[in-house]
Amino acid sequence: MDPFSAEGELLTIHNAFHQGQYQAVLDFDTSSLSQSNVIPARVLKLRAQIATGDAPGAISNSQKEKGPDFTAVKAFAQYSSGDNGGATKQVEQLLESASENATVQILGAIILQANGRTEEALSLLSKHQGNLEAIALITQIHLQQNRTDLARKEVSAARKWAQDSLLVNIAESWVGMRVGGDSYQSAFYVFEEMAQTPSSTSSKSLISQAVSELHLGRLPEAEAALNQALQNEPKDIEAIANAVVLATLMGKSTEQQQYLEDLKTRQLDHALLTDLEEKSSLFDQAAGKYSAKVSS
């Protein structure tokens with residue numbers, strides 16, 4: 001039986017992780033799990049520890065653990081700590097010896113994609129055996145490629161055999177946010193339910209709700225959700241980045257600048273900052289082709 005299915009004993013910890021309820025994952029009691037599920041649960045706990053900003057702790061806690069699952073976790077912890085070179089080297093070694101391992105596929109693909117090695121990431125993920133997280137990651141990569149058609153195809157195929165899966169619902173909502181139109185509202189319903197239900201709410205789900213509100217043009221509602229996320233997790237990078245966007249759209253220049261400086265302090269290489277720098281450079285290049293006319 002699939003341990004992540006509705007009848008599986010890892011469903012609760014799996015859903016908690018993907019809903020962003022990392023403390024619930026860390027607190028999950030694994031003492032009664034069957035032996036085959038001990039490692040997957042341990043991996044989720046270590047990933048939750050990394051997600052809460054304690055990558056060094058995750059490395060320390062997994063030092064004595066053996067096997068490709070834990071080597072992949074250590075590589076991901078290195079990557080999350082800023083040691084991209086060391087993490088990439090570890091992944092390359094794992095690709096030679098353990099590319100069939102599910103944890104290696106997921107964490108290795110994340111690191112490869114972060115380094116611009118998209119085709120290698122997709123090739124690694126294509127080896128999965130019915131892994132819904134791999135499908136969600138493939139969907140995300142296709143959306144980053146602006147291949148909405150491939151992302152939609154991936155989700156549609158998964159929907160046929162994993163209809164009630166949380167991850168499929170989330171991935172389908174990502175696609176809906178890219179497609180637009182009525183799909184914005186459908187995505188909003190998914191994220192709102194996650195964000196407003198006490199058993200599933202988290203900063204991550206609140207940010208997702210806020211982004212869907214942004215797409216629907218409901219700025220005050222987006223602001224309320226983001227404020228709640230920031231109140232829960234003041235250091236959440238994605239909440240801060242989206243607060244920059246929201247403040248810009250609402251014309252709140254002082255708040256926009258404050259959030260922008262906060263983001264620069266916390267993660268200077270964030271995708272939003274990189275994109276802003278690139279756009280600013282392109283604008284300067286374009287402006288440099290013209291000279292101002294001075295009237296006499």
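**Figure 1. Contacts across the chain in this predicted model.** Take the contacts in the protein chain between residues at least 6 apart in sequence: 48% of them join residues at least 24 apart. As for burial, 43% of the 296 residues in the protein chain count as buried.

**Figure 2. The protein chain as a whole, with 17 helices and zero strands.** The radius of gyration comes out at 21 Å, close to the 19 Å that the globule rule gives for 296 residues, so the chain is as compact as a globular protein of that length.

**Figure 3. Helix α15 packed against helix α16.** Here we zoom in on residues 237–249, which form α15, and residues 253–266, which form α16. The crossing of α15 past α16 is left-handed.

**Figure 4. Side by side: the residues where α15 and α16 meet.** On the α15 side you'll find Ile237, Ile240, Ala241, Ala243, Val244, Ala247 and Thr248. Facing them from α16 are Glu255, Gln256, Tyr259, Leu260, Asp262, Leu263 and Arg266. Sorted by type, the residues of this contact split into nine nonpolar, two polar and three charged.

Methods. Residues are numbered from 1 along each chain as its sequence is written. This is a predicted model: local features need pLDDT of at least 70, side-chain atom pairs count only at pLDDT 80 or more; totals for chains, interfaces and linings use all residues. Side-chain values use heavy atoms; hydrogens and water are left out. Axes are lines fitted to C-alpha atoms, for helices over the stretch in contact, and angles run from 0 to 180 degrees between N-to-C directions. Helices (H or I, at least four residues) and strands (E, at least two) are DSSP runs, numbered from the N terminus. A crossing is left-handed if the near helix is turned anticlockwise from the far one by less than a right angle, and right-handed if clockwise. Contact means heavy atoms within 4.5 Å. Ala, Val, Leu, Ile, Met, Phe, Trp, Tyr, Cys and Pro count as nonpolar, Asp, Glu, Lys and Arg as charged, and the others, Gly among them, as polar. The radius of gyration is taken over C-alpha atoms; the globule rule is 2.2 Å times the number of residues to the power 0.38. Buried means under 20% relative accessible area, exposed over 50%, partly exposed in between (1.4 Å probe, protein chains only).
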